[in-house]
Amino acid sequence: MSKAFSGEVGTGSRQENASKKSPTLDLFRFAPFRLNRLAAEVSAALASEYQVRYGLDIPEWRVLATLGFRNDACSAQYIAHCTRTHKSTISRAVTAMMRRQLVERVENKDDRREYRLRLTVRGKALHQKLIPRLKRREQEILSCLSTRERKDFAHLLGKIERSLDLVQTSEQAGKAGGY
């Protein structure tokens with residue numbers, strides 16, 4: 001069998017060949033992969049609370065959640081940036097939610113070319129129904145951690161968010177001028 005098909009590389013010693021191999025990446029030890037996978041799983045677990053019962057998909061939930069924690073209207077761009085969701089995905093979610101009368105557009109007093117979004121009375125009621133369900137689901141997800149571990153986990157997430165310059169509180173988001 002030729003070297004090309006036998007898996008042998010070059011004619012050097014085994015140690016030389018080992019040092020020439022490309023570096024390996026164990027995805028299951030690679031933090032970005034693990035965080036992405038964890039986020040997807042947690043998102044799916046929470047989605048079970050609002051998809052079946054209330055007919056919201058994940059982008060619609062993100063719109064509802066973002067508008068629900070704010071005291072004033074905001075732009076779709078703010079929601080997209082805050083949730084790290086593509087603006088076209090947010091736009092489709094807003095359109096669907098406007099049809100269901102969960103979200104409404106209001107004129108921006110500072111710039112009449114722009115509309116801002118806010119929850120309708122119906123949207124606010126839905127948000128209020130979901131909060132206890134989602135908090136309970138969060139507790140179930142974190143139940144594998146002790147109280148100390150939960151605090152440490154929150155602290156460590158905060159450190160990573162800060163290192164990436166992510167806004168971490170609604171106060172910071174408000175100061176960021178619509179994010």
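## Pockets in the predicted model

A pocket is an open set of grid points where a 1.4 Å probe fits, with protein on both sides within 12 Å along at least five of seven lines. The structure described here is a predicted model. Its second largest pocket holds about 270 Å³ of space, while the largest pocket has a volume of about 2600 Å³.

## The largest pocket

The lining of the largest pocket consists of 49 residues, and those closest to the centre are A39, V42, L46, L157 and E161. By class, 31 of the lining residues are nonpolar, eight are polar and ten are charged.

Several helices take part in this lining. At least two residues each come from α3, α4, α5 (76-83), α7 (121-142), α8 (147-163) and α9 (170-175). Helix α3 gives the most, with twelve residues.

## The second largest pocket

Sixteen residues line the second largest pocket, and R70, N71, D72, R118 and K124 lie nearest its centre. The classes here are five nonpolar, four polar and seven charged residues.

Both strands and helices contribute: α4, β1 (103-107), β2 (115-119) and α7 each supply at least two lining residues. Strand β2 provides the largest share, which is four residues.

R70 also takes part in a contact with an aromatic ring. This residue lies over the face of Y78, at 4.4 Å from the ring centre.

## Aromatic pairs

A pair of aromatic rings is described by the distance of the centres and the angle of the planes. How many aromatic pairs does a search of the whole structure find? The search finds two. In one of them, the ring centres of F28 and F33 are 5.7 Å apart and the planes stand at 90°; the pair is therefore edge-to-face, since planes over 60 degrees apart count as such. F28 has a relative accessibility of 52% and so counts as exposed, because the cut-off for this class is over 50%. F33, with a relative accessible area of 25%, is partly exposed.

The rings of Y50 and W61 form a stacked pair, with 5.3 Å from centre to centre and 20° between the planes. Y50 belongs to helix α3 (residues 31-54) and W61 to helix α4 (residues 58-69), so this pair ties together parts that are eleven residues apart in sequence. Are Y50 and W61 buried or exposed? Both Y50 and W61 are buried.

Terms used: Residues numbered from 1 in each chain as written. Predicted model: local features only at pLDDT ≥ 70, side-chain atom pairs only at ≥ 80, totals over all residues. Heavy atoms only, no water. Phe/Tyr/Trp six-rings, centres within 6.5 Å; stacked < 30°, edge-to-face > 60°. Buried < 20%, exposed > 50% of the residue type's maximum accessible area, 1.4 Å probe, protein only. Lys NZ or Arg CZ within 6 Å of the ring centre and 35° of its normal. 1 Å grid on protein atoms, 1.4 Å probe; cavity = no way out; pocket = protein on both sides within 12 Å on 5 of 7 lines; lining within 4 Å. Points joined across faces, edges and corners; volume = space filled by probe spheres on them. Nonpolar A, V, L, I, M, F, W, Y, C, P; charged D, E, K, R; others polar.
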